[in-house]
Amino acid sequence: MNDPVRSGSPMRLSNKVAVTAGAASGIRRAISLRLAAQGATVITTDLNADGGAGVIEEIRSNGGKAAFRTLDTASEEQWRDVAAWTVEQHGTPDIPVNNAGVYLIRPSPIRRSRSGRR
Ligand SMILES: NC(=O)c1ccc[n+]([C@@H]2O[C@H](COP(=O)([O-])OP(=O)(O)OC[C@H]3O[C@@H](n4cnc5c(N)ncnc54)[C@H](O)[C@@H]3O)[C@@H](O)[C@H]2O)c1
């Protein structure tokens with residue numbers, strides 16, 4: 001296969017730009033590290049600037065390319081700023097990764113009887 005993106009090459013994302021949202025921890029952090037390991041320049045964003053700094057430090061220490069921008073995914077204005085900065089500094093992004101979120105655990109509204117039946 002000649003297409004480096006579809007081939008099994010470990011650096012198949014060289015020359016690609018990824019923007020990962022909510023990437024200071026958890027799933028997107030892991031995705032960011034993986035994208036960088038495959039050669040992508042990763043623009044990591046999160047509300048948590050300290051966590052984001054840690055991610056780009058880890059990417060860079062492994063020879064990858066990364067930058068961090070503070071971003072609240074609920075803010076359209078901040079998305080516009082990050083998009084404009086990314087295009088200006090690195091070109092049009094190829095890979096958007098946005099599933100920022102938190103997992104809320106609430107007690108079930110359904111009460112169970114002693115037998116466990118609803
Ligand atoms: N971990 C799992 O097994 C799992 C499984 C299914 C679904 N999910 C869902 O995937 C999402 C992420 O899970 P995770 O385990 O990676 O969570 P996590 O708590 O480790 O990471 C969430 C990240 O999102 C950031 N964040 C939260 N709100 C933000 C906002 N408004 N703008 C920017 N950044 C924001 C946080 O600062 C944090 O860095 C959650 O919505 C979770 O419910 C997780």
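Helices here are DSSP runs of H or I with at least four residues, strands are E runs of at least two, and both are numbered from the N terminus. On that basis, the protein has three helices and four strands. Along the sequence they follow β-α-β-α-β-α-β.

Two notes on the source. This is a predicted model: local features need pLDDT of at least 70, side-chain atom pairs count only at pLDDT 80 or more, and totals for chains, interfaces and linings use all residues. Residues are numbered from 1 along each chain as its sequence is written.

Now burial. A residue is buried if 20 or more other C-beta atoms lie within 10 Å of its own, exposed if 12 or fewer, and partly exposed in between, with C-beta atoms placed from the backbone. Of the 118 residues in the protein, 28% are buried.

Next, contacts. Two residues are in contact if their C-beta atoms, placed from the backbone, lie within 7 Å. Take the contacts between residues at least 6 apart in sequence: 63% of them join residues at least 24 apart.

On to helix α2, residues 49–61. Its 13 residues reach 18 Å from first C-alpha to last. That is close to the expected 18 Å, where the expected span is 1.5 Å times one less than the number of residues. Which residues of α2 are buried? They are G52, V55, I56 and I59. These sit on the same side of α2, because they cover an arc of only 90 degrees around the axis. The arc is taken over the directions from the helix axis to the C-beta atoms. What covers them includes α1 (26–37), β2 (41–46) and β3 (65–70). The face turned away from the buried side carries the exposed residues D50, E57 and S61. After α2 comes G63, with a positive phi near 90 degrees.

G26 is partly exposed, because it has 16 other C-beta atoms within 10 Å. G26 and A100 are 74 residues apart in sequence, yet 9.7 Å apart C-alpha to C-alpha.

Last, A83, in helix α3 (residues 76–90). A83 has 15 C-beta neighbours inside 10 Å, so it counts as partly exposed. Its C-alpha is 8.9 Å from that of V19, 64 residues away along the chain.
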